[in-house]
Amino acid sequence: MSARILAILRKELLHIRRDPRSLVIVFLLPILMVLLYGHAVTFDIRDIKLGVIDEDKTPAARELVEGMVSSNYFRVSGTLERREEIGEAFLHRRMIAVLIIPRGFGAGLGSRSSTEVQVILDGSNANTATVALNYIRAYFTSRSLQANALLLQLPIDLQPRVWYNPDLKSVNFIVPGLVVVIMMLICALLTSVTVARERETGTMEQILVSPVRALEIIAGKTLPYILLAFVDGLLVIVFAWIWFSVPFRGAPLWLLFYALIFIYTCLSFGIFISARVPNQQLALMFAMVSTFLPSILLSGFVFPLASIPRVLQLLSAIVPAKYFLVIIRGIMLKGMDGAQLWQPALFLVLFGTLLILISVKRFKINLEG
Amino acid sequence: MIRIMHIIKKEFIQIRRDRSMLAILFVVPVVQLLLLGFVISSEVHNIQTVICDLDDSSASRLLVERIRNSGYFIISAYDQRPSHMQEYLDNGRAAVAVVIPEDFNARLQRGERTALQVLVDGQDSNTSTIALGYINGILQTALTDAIQTRLQGSEAADAVHFVAANFRIWYNEELKNSDYMVPGIVVFLLTMVTTLVSAMGLVREREIGTMEQLLVAPIKKHELLIGKLVPFAVLGLIELAFGLTVAKIIYDIPIAGNLGLLVIFALVYLFTTLGLGLLISASSGTQQQAMFLTLFFLMFFMLMSGFLFPIENMPRTMQYVSLLNPMRYFVIVVRELLIKGAGMHHLYTQGLALLVFGTVIFSFAVLRFQSRMR
């Protein structure tokens with residue numbers, strides 16, 4: 001390593017040391033977020049808030065409601081007298097489904113082959129409404145099957161076997177993804193200011209007239225942050241592993257190796273922004289706005305990429321977080337051999353290098369102009 | 001008053017001159033809303049599936065056909081070797097593997113029970129649960145169909161008692177996900193942009209040294225503050241209008257409620273976001289610090305607002321924590337008002353919460369700002 005790179009590097013380390021508050025945030029924020037996200041995010045919907053209008057008022061009707069409650073999926077959150085009250089109940093968000101047991105329900109049960117109840121759903125949250133609809137439908141199907149036990153039985157046993165995450169714990173899914181998102185954001189925010197700061201405070205000219213080459217400036221400015229981000233990422237992974245017992249089935253060394261590559265790509269992205277904007281404010285805002293939502297939504301962190309429209313799938317190809325997500329889940333949850341994951345890693349290397357080259361070119365233009 | 005107008009004018013000129021800033025404030029959020037709305041309203045489908053049909057009978061082929069036609073699964077491979085299933089899951093070529101045993105049809109014919117083995121990549125717990133639910137549903141329909149054919153015309157039909165649920169769905173008959181999710185993303189973008197500009201605005205003047213100029217100028221501190229924040233509030237409202245227009249045109253979201261009421265709620269909410277930004281600005285020494293603090297709040301807001309992760313599903317303690325998140329209330333207001341046409345008397349608790357948050361955060365920020373400026 002040349003002395004010139006070292007000089008820039010030392011200068012950048014000084015910047016980091018002079019701002020201990022940023023440093024504290026950089027280490028504290030990820031831990032806090034892993035704690036919050038790990039504990040809060042669950043996808044299973046329980047306790048569907050059910051309203052009841054019992055127009056029948058027979059033992060059979062009460063039995064039906066009790067049966068639904070004892071299935072543990074529903075909770076009666078209110079009883080209404082008339083159907084006109086449903087609108088207000090929905091508007092006050094007191095319930096998301098209303099079961100109407102019509103007059104004659106109990107009488108009809110024994111005499112007719114099919115008796116109807118009505119269910120009104122608040123469809124505003126399509127997701128929850130769909131789940132509620134399926135739960136209610138399944139409840140009535142299985143109730144009907146049970147009532148006619150001798151005659152009908154599902155002759156096929158569904159034997160599900162869940163791999164990699166047998167208890168279907170959402171922590172195992174969310175936390176490795178969160179590590180990726182946090183690393184991406186912190187790296188981009190850290191380096192996006194490095195060059196912009198010089199430009200804003202006017203010290204850029206000094207560096208440009210010094211005998212340092214463009215690539216050396218970039219190398220000197222990136223290296224300290226690689227170290228910082230690496231320690232940060234390591235801390236989060238170890239924390240997640242200890243606190244939430246997120247499984248770690250693969251080789252840690254491979255993960256560390258790939259983490260370095262990912263950091264390189266993220267930092268290149270920060271440098272890329274930094275080289276193009278005139279001041280820190282723009283650099284930071286641009287880094288934030290361009291990485292926050294895409295890293296969360298277009299990486300497969302929450303929404304499976306297979307389900308999104310084709311055009312967006314193509315667009316997700318330029319989101320670095322997507323590739324590291326495949327790697328980290330592959331190694332931690334699936335226990336994959338690191339060598340199998342060379343493809344996403346190669347992309348990260350290429351993408352990062354491309355960004356660095358563009359940034360260097362941009363510097364050279366600055367030098368000449 | 002005239003002095004305030006001057007500051008406001010200065011800020012607007014600054015914003016207008018700065019093309020890249022305008023791009024960040026308007027173009028990027030609108031483009032993201034346009035694209036990402038599709039992502040967050042997507043439901044799980046296209047699940048890559050490998051089929052191992054050891055039976056290869058009419059019954060097993062019918063089942064595979066049902067799986068394919070359900071629209072949820074894409075059959076990416078057929079493979080007769082059960083031992084190879086793990087490989088498909090390992091290298092990610094399939095997320096679900098269905099193994100139909102050799103004697104599947106024979107047992108069904110004899111009236112015996114048989115088993116269907118389904119291997120699921122459980123990494124994404126949400127998707128895997130949904131996938132298993134889909135398969136279960138497919139089996140249930142298959143069963144109901146079989147029963148109906150068996151019962152047709154037979155005497156047994158009268159002995160069977162079904163209770164059928166007859167569904168009616170309000171507000172959103174087709175259960176379009178975007179109606180609910182897209183307003184959420186509008187709120188998030190509004191929160192992100194207004195907090196950002198106000199967090200960066202003041203700390204920047206201090207870091208690059210123009211704050212002194214403003215302080216020695218013959219204006220009072222509160223005038224400076226109002227002059228700085230009013231343009232941001234206007235920006236926020238324009239942003240909201242922009243967002244809702246895009247949401248209406250592209251995603252055809254309903255607007256059932258009173259938009260004037262929405263603007264009033266938005267104004268109250270802006271006190272919170274701008275106040276928070278100001279607080280961050282006053283508590284940070286550098287722009288980078290301000291940005292990291294903003295990041296912290298945005299991640300908290302995103303998690304605890306019900307925008308992506310439903311709050312009702314969270315553990316009780318976390319539901320209480322979410323009450324500390326002002327964005328939570330505004331998300332509810334926007335969704336309820338747009339979709340259901342909720343009015344003031346339905347939303348006053350949310351409004352009250354927003355008012356309290358706005359007042360507390362904003363006054364705290366102003367105090368902090370004034371003590372920092374001394």
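The model is predicted: local features need pLDDT of at least 70, side-chain atom pairs count only at pLDDT 80 or more, and totals for chains, interfaces and linings use all residues. Residues are numbered from 1 along each chain as its sequence is written, and chains are lettered from A and ligands numbered from 1 in the order in which they are written.

**Chain A as a whole**

- Chain A holds 14 helices and 5 strands; helices (H or I, at least four residues) and strands (E, at least two) are DSSP runs, numbered from the N terminus.
- Domain 1 of chain A covers 3-41 + 165-368, and domain 2 covers 48-147; such bounds come from an automatic or database domain assignment.
- Between the C-alpha centres of these two domains of chain A there are 50 Å.
- The radius of gyration of chain A is 29 Å, whereas a compact globule of 369 residues would have one near 21 Å. This radius is taken over C-alpha atoms, and the globule rule is 2.2 Å times the number of residues to the power 0.38.
- Along the principal axes, the C-alpha atoms of chain A fill a box of roughly 95 × 45 × 40 Å.
- Of the 369 residues in chain A, 46% are buried. A residue counts as buried if 20 or more other C-beta atoms lie within 10 Å of its own, as exposed if 12 or fewer do, and as partly exposed in between, with C-beta atoms placed from the backbone.
- Of the contacts in chain A between residues at least 6 apart in sequence, 80% join residues at least 24 apart. Two residues are in contact if their C-beta atoms, placed from the backbone, lie within 7 Å.

**Chain B as a whole**

- Chain B has 14 helices and 5 strands.
- Its domain assignment gives domain 1 of chain B as 24-41 + 177-373 and domain 2 of chain B as 47-146.
- The C-alpha centres of domain 1 and domain 2 of chain B are separated by 46 Å.
- The box filled by the C-alpha atoms of chain B, taken along the principal axes, is roughly 95 × 45 × 40 Å.
- Buried residues account for 46% of the 374 residues in chain B.
- In chain B, 79% of the contacts with a separation of 6 or more are between residues 24 or more positions apart.

**Helix 2 of chain B**

- This helix (residues 19-40) has 22 residues and reaches 30 Å from its first C-alpha to its last, close to the 32 Å expected at 1.5 Å a residue. The expected span is 1.5 Å times one less than the number of residues.
- A kink of about 30° is centred on B:Leu34; the bend at a residue is the angle between axes fitted to the seven residues ending there and the seven starting there.
- The buried residues of helix 2 of chain B include B:Met21, B:Ile24, B:Pro29, B:Gln32 and B:Gly37.
- Their cover includes helix 11 (280-297) and helix 12 (310-315) of chain A, together with helix 1 (2-17), helix 7 (178-207) and helix 9 (221-251) of chain B.

**Helix 11 of chain A**

- Helix 11 of chain A has 18 residues and reaches 26 Å from its first C-alpha to its last, close to the 26 Å expected.
- In helix 11 of chain A, 17 of the 18 residues are buried, so it is largely enclosed by the rest of the structure.

- A:Lys57, in the loop between strand 1 (48-54) and helix 3 (59-70), has a positive phi of about 55° although it is not a glycine. A:Lys57 is exposed, with 11 other C-beta atoms within 10 Å.
- A:Ser245 lies in the loop between helix 9 (214-243) and helix 10 (252-274); its phi is positive, about 45°, although it is not a glycine. A:Ser245 is exposed, with 11 other C-beta atoms within 10 Å.
- A:Thr265 belongs to helix 10 and is buried, with 25 other C-beta atoms within 10 Å. Leaving out residues up to four places away in sequence, A:Thr265 touches A:Pro320, A:Leu348, A:Phe351 and A:Gly352.
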